[in-house]
Amino acid sequence: MAPRGEGSGAPVDSMVAQLEKHPISSILIVIAMQTEALPVVNKFQLVENPHSSFPEGVPWVHYHGTYKDIIINLVWPGKDLTLGVDSVGTVSASLVTYASIQALQPDLIINAGTAGGFKAKGAGIGDIFLVSHVAFHDRRIPIPVFDLYGVGSRQTFPTPNLLKALNLKAGKLSTGDSLDMTPQDEASITANDATVKDMEGAAVAYVAGLLKIPAIFVKAVTDIVDGKKPTAEEFLQNLAAVTAALDGAVAQIVDFISGKCLSEL
Ligand code: SAH
């Protein structure tokens, strides 16, 4: 089993000290798929920004609006320019998160999306998880210290009051660039102690950490990875119902955040 390390979260702590006394005024919601993003766009009556500061020609989409005194920005990496499918995965998620932070300087990032869940760790279809830690499961570098860099484990911004108030489940998230799971991935996910598995979370956390923006991760379970059904089939079957639950959770989270400082979350 690969050795694991946990990020200290120190840069985020100093950020929090600065912002502690100010209510959160601007959030950035990062969502990988259009099916996941549109219900949230509609819920907050966000509008697409045709003049985003993104480079000319990229498929990334920026929606924005105001809700209860909070500026809400939502970014979706858009459809792949060649193949026309959602630009899921860590590369697109990192790029769009980086560009959005540079342009929008949010107080808080919310990465919302669907995920596979492990029933052995207590996950069920439709469950909503607030993620406590993220790590990668497909960056195997068996050289001392590089192994830890590959796993890239880090703690998310702690939100104990939010977790309690909304009665969400808490769990660790493991990220990789594949929807399926090889035996090697499975061993790493077990080493990461993950309850949910996605294709973007740890990448968003990496960029947020670099640029010192607190980030939280809300993941709704579309498929049970350690169950009998094939993942792709189960994912597509549950996507619509689970994204409805996800957008409800995001709305509750934004309601809870409204008027609060980071330290109150
Ligand atoms: N066939 C899908 C492909 C989406 S990829 C389509 O119709 O477009 C899956 C997306 O959902 C990714 O953004 C990922 O973060 C998330 N996801 C859901 N279940 C997952 C799982 N079991 N493993 C990894 N990612 C999962």
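Student: How many bridges join strand 5 to strand 9, and in which sense do the two run?

Tutor: Start with the rule. Two strands pair if DSSP finds at least two bridges between them. Here 2 bridges join strand 5 to strand 9 (residues 196-198), and the two run antiparallel. Gly117 has Val196 in strand 9 as its bridge partner. Strands here are DSSP runs of E, at least two residues long; helices are runs of H or I, at least four residues long; both are numbered from the N terminus.

Student: What kind of model is this, and how are its residues numbered?

Tutor: This is a predicted model, where local features need pLDDT of at least 70, side-chain atom pairs count only at pLDDT 80 or more, and totals for chains, interfaces and linings use all residues. Residues are numbered from 1 along each chain as its sequence is written, and side-chain values use heavy atoms, with hydrogens and water left out.

Student: Which other strands pair with strand 5, and in which sense?

Tutor: Strand 1 (residues 26-30) pairs with strand 5 in the parallel sense, over 4 bridges. Ile29 stands opposite Ile110 there. Strand 10 (residues 215-224) also pairs with strand 5 in the parallel sense, over 9 bridges. In that pairing, Ala112 stands opposite Val218.

Student: Is strand 5 buried or exposed?

Tutor: Read the relative accessible area. Buried means under 20%, exposed over 50%, and partly exposed in between, with a 1.4 Å probe and protein chains only. In strand 5 (residues 108-117), 10 of the 10 residues are buried, so the strand is largely enclosed by the rest of the structure.

Student: Which residues come nearest to the ligand?

Tutor: A residue is near a molecule if one of its heavy atoms lies within 4 Å of it. There are 17 residues around the ligand, and Thr114, Lys197, Met199, Glu200 and Asp223 come nearest. The shell divides into 8 nonpolar, 5 polar and 4 charged residues. In that scheme Ala, Val, Leu, Ile, Met, Phe, Trp, Tyr, Cys and Pro are nonpolar, Asp, Glu, Lys and Arg are charged, and the others, Gly among them, are polar.

Student: How much of the ligand does the protein cover?

Tutor: Accessible areas come from the Shrake-Rupley method with a 1.4 Å probe; for residues, only the protein chains shown count as cover. On its own the ligand has 570 Å² of accessible area, and the protein covers 84% of that. Strand 5, strand 9, strand 10 and helix 8 (231-257) are the elements that give two or more residues to the shell.

Student: How many salt bridges does the structure hold?

Tutor: A salt bridge is a side-chain nitrogen of Lys or Arg within 4 Å of a carboxyl oxygen of Asp or Glu. The structure holds 8. One of them joins Lys68 and Asp255, with the closest N and O atoms 2.7 Å apart. Lys68 lies in the loop between strand 3 (61-67) and strand 4 (70-76) and Asp255 in helix 8, so the pair ties together parts that are 187 residues apart in sequence. Lys68 is partly exposed at 46% relative accessible area, and Asp255 is partly exposed at 32%.

Student: Where does the salt bridge of Asp193 and Lys172 sit?

Tutor: The closest N and O atoms of Asp193 and Lys172 are 3.6 Å apart. Asp193 is in the loop between helix 6 (183-191) and strand 9, and Lys172 is in strand 8 (residues 169-175), 21 residues apart. Asp193 is partly exposed at 34% relative accessibility, while Lys172 is buried at 17%. Salt bridges that share partners join Lys121, Lys172 and Asp193 into one network.

Student: What is the phi of Val145?

Tutor: Most residues other than glycine have a negative phi. Val145 is not a glycine, yet its phi is positive, about 75°. Val145 sits in the loop between strand 6 (128-136) and helix 4 (146-151). Its relative accessible area is 61%, so Val145 is exposed.
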